[in-house]
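Hi there,

Here is the structure I promised to pass on to you. Please open it beside this email and follow along as you read.

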Amino acid sequence: MSNTRRLVNAVDIHKVYRLGKVEVHALRGVTLQIDEGEFVAIMGPSGSGKSTFMNLLGCLDRPTKGIYQFDGMDVSKLDDDQLAELRSRKIGFVFQSFNLLPRLTALQNVELPMIYAGVDTRKRRQSAVRLLEWVGLADRINHRPSELSGGEQQRVAIARAIANSPKLLLADEPTGNLDSRSGEEILRVFRRLNEDGMTIVLVTHDQNVARWAKRIVMFQDGQLVDDKMLEEFDGAYAR
Amino acid sequence: MLIWECMKIAIDSLIANKVRSALTVLGVLIGVAAVIAMVAIAKGAEKEQLELVNAFGSNTLMVFAGQARRGIVATGTAQRNLTLDDVEAILRKCSMVVRVSPEVRRAMPVRYGNRNTFTTVVGVTPDYLTVANWSVDSGRFITEADLNGMRKVCVLGKTVIANLFGEEPPLGKMIRIQGVQFEVVGTLTEKGALRFMDFDDQILIPITTAMRRLFGIDYVTAIGVQAPSMELLPLAQQQVTELLRKRHRINQDSQDDFTVRSQSEFMQMAQSTSQMFLILLASIASVSLLVGGIGIMNIMLVSVAERTREIGIRKAVGARRRDILLQFLVEAVVLTVIGGAIGILFGVGTAKAIGKAAGWTVVIPPYSIALAFFFAISVGLFFGIYPAYKAASLDPIEALRHE
């Protein structure tokens with residue numbers, strides 16, 4: 001692994017939320033490194049801090065304490081607009097509820113990140129079409145999200161997430177709203193992406209989903225309690 | 001992100017909420033329409049007044065008997081102190097006066113056959129035609145011979161003709177002014193009416209006939225004085241004033257016992273009234289624009305609250321604060337510009353309709369359209385900035401969690 005680049009370097013991350021007068025310690029000292037090309041699943045029960053950690057990984061938020069370096073940059077020192085810039089160019093998100101803009105067509109949804117990245121109109125349109133073809137939706141380009149099935153919507157979301165060729169693809173329960181067949185299709189898309197070199201972090205509570213990844217990280221009570229490659233994981237839990 | 005992209009997003013979202021957008025636009029629309037219509041009416045009134053002034057020539061002065069100071073009622077003697085000798089003297093001694101036109105006027109009953117009317121009878125000299133800027137439509141005007149012979153002839157304005165004769169040709173007919181028979185020798189071309197003043201409602205007769213036979217007076221009501229040009233008018237005014245003071249034996253410290261008004265003064269009066277009118281109307285219009293603007297802000301805030309999730313998604317895929325700010329700001333401005341554009345059309349239409357219904361002149365100056373448009377955009381920017389700022393400041397995680 002020494003010859004691949006380190007993409008994520010999180011050291012002793014703490015995150016404290018203030019809900020009214022109560023302080024919630026969502027993360028209590030998490031240390032995790034991810035290299036380029038990895039496919040990591042983050043597992044844990046709800047409230048374990050895995051979603052909070054994903055928000056930090058995705059540069060939607062900054063840690064309260066600790067060091068988070070993404071692609072060599074110290075995220076805790078960036079302001080909101082610099083974070084937005086970073087997200088725009090280096091990170092793609094896939095959500096459980098798809099989060100497509102309902103009034104835009106599939107094509108327009110895929111174009112969205114490229115608009116914010118300043119890609120010109122013609123190039124944007126071409127890449128959006130290519131991306132939608134790649135996820136198998138060539139005939140759904142001008143459909144709105146309400147005219148697409150859940151699986152199709154999620155594939156549009158993936159096309160959108162990778163529109164700016166990000167370094168990291170983050171997926172939060174991407175199969176949570178899908179039946180098992182569509183879910184499997186989505187996971188197959190992820191695997192294809194990973195085989196092409198995309199680094200993927202997938203948050204799930206489902207073991208069957210997590211098994212699509214190569215490495216599995218367990219969260220509990222705001223701490224990282226386990227970190228294994230899939231083979232070791234099988235040895236420890238499945239049997 | 002380019003403004004163009006923002007426009008597309010804004011227009012899409014406005015179309016998605018058609019009814020709400022239309023209602024929001026209404027406030028600005030009414031405000032802009034009010035500005036346009038009111039300016040058009042005020043400017044039209046000003047133009048009418050200037051036309052009136054010009055109708056009587058821009059190089060003439062009017063000398064009235066008595067002081068024109070407000071609050072002081074001129075006494076009977078004061079009103080009688082302009083004489084035909086004064087008129088003669090002005091013409092002879094003032095180098096900057098080319099023509100004088102003394103006049104006496106009084107409202108009197110007039111009769112033709114069994115028709116009656118009540119009109120202004122004006123005693124004039126032949127120069128009245130030039131000085132007061134009239135022209136003869138048919139027949140002839142008052143001549144020197146009429147004056148010398150104190151003839152009972154008259155020239156009629158269009159309104160009088162309509163009242164007394166209807167369709168009948170008036171030339172050569174005899175009419176009775178306060179019982180005295182006069183022959184109609186000419187008619188005047190139409191000058192028109194202004195709001196409450198009808199210039200064509202008058203009968204002209206020789207001034208000598210008027211003073212001796214009809215009114216029984218030896219003084220004149222006013223003297224029209226014509227200078228060679230508008231530039232020389234102030235000089236003529238000065239000469240006339242000095243001469244009359246001397247002739248009336250007014251010492252240094254005393255006030256004039258007459259009043260000299262030039263057309264430019266009338267013009268200034270006209271303009272200052274219309275200016276006041278304009279300010280009043282503009283303040284009314286700005287209140288309606290303010291109300292419209294508050295409406296925009298209200299709807300934009302609702303829109304931001306409703307679209308929290310959309311904002312979260314946009315931020316997650318890389319929108320910066322200013323992208324979101326611009327998006328909502330452009331949306332507000334697009335709303336007000338649409339409102340402004342429709343308001344301009346509506347305002348122009350309203351002004352024309354009012355002008356037609358009331359018979360007023362309306363003038364739509366191009367600057368009022370530019371001004372209204374500028375105001376509409378400003379209202380959009382001013383009242384859109386707060387909602388847009390609120391949208392841009394949303395935390396992406398919170399916004400994404402929003403249902």
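Let me begin with one term: a residue is called buried if 20 or more other C-beta atoms lie within 10 Å of its own. By that rule, buried residues make up 41% of the 403 residues in chain B. Please keep in mind that this is a predicted model.

**Overall form of chain B**

Chain B contains 14 helices and 12 strands. Its C-alpha trace spans about 105 × 55 × 35 Å along the principal axes. The radius of gyration of chain B is 33 Å, whereas a compact globule of 403 residues would have one near 22 Å. If you look at the contacts in chain B with a separation of 6 or more, 83% of them join residues 24 or more positions apart.

**The nonpolar cores**

Which residues touch the most other members of the largest nonpolar core? They are A:Ile42, A:Leu169, B:Val32 and B:Ile36, in a core of 131 residues. Helix 2 of chain B (residues 18-55) gives the most to this core, with 15 residues. A second, separate core has 50 residues, among them B:Val122, B:Val124, B:Phe182 and B:Ile205. As background, nonpolar side chains tend to be buried together in soluble globular proteins.

Leaving out residues up to four places away in sequence, B:Val32 touches B:Gly339, B:Gly340, B:Gly343, B:Ile344, B:Gly347, B:Ala372, B:Phe375 and B:Ala376.

**Where the two chains meet**

Between the chains, 17 residues of chain B are in contact with 19 residues of chain A. On the chain B side, helix 1 (3-16), helix 11 (308-316), helix 12 (321-358) and helix 14 (396-401) each supply at least two residues. Helix 11 gives the most to that side, with 4 residues. Sorted by class, the side of chain B that touches chain A has 9 nonpolar, 1 polar and 7 charged residues.

**A closer look at B:Gly157**

You will find B:Gly157 in the loop between strand 5 (153-156) and helix 7 (158-165) of chain B. Is B:Gly157 buried or exposed? B:Gly157 counts as buried because it has 25 C-beta neighbours inside 10 Å, and the cut-off is 20 or more. Setting aside neighbours within four places in sequence, B:Gly157 is in contact with B:Leu188, B:Asp200, B:Asp201, B:Gln202 and B:Ile203. From B:Gly157 to B:Val110 the C-alpha to C-alpha distance is 13 Å, and the two are 47 residues apart in sequence.

Enjoy exploring!

Best wishes

Key. Residues are numbered from 1 along each chain as its sequence is written. Chains are lettered from A and ligands numbered from 1 in the order in which they are written. This is a predicted model: local features need pLDDT of at least 70, side-chain atom pairs count only at pLDDT 80 or more; totals for chains, interfaces and linings use all residues. A residue is buried if 20 or more other C-beta atoms lie within 10 Å of its own, exposed if 12 or fewer, and partly exposed in between; C-beta atoms are placed from the backbone. Two residues are in contact if their C-beta atoms, placed from the backbone, lie within 7 Å. Ala, Val, Leu, Ile, Met, Phe, Trp, Tyr, Cys and Pro count as nonpolar, Asp, Glu, Lys and Arg as charged, and the others, Gly among them, as polar. The radius of gyration is taken over C-alpha atoms; the globule rule is 2.2 Å times the number of residues to the power 0.38. A nonpolar core is a set of buried Ala, Val, Leu, Ile, Met, Phe, Trp, Tyr and Cys residues joined through C-beta atoms within 7 Å.
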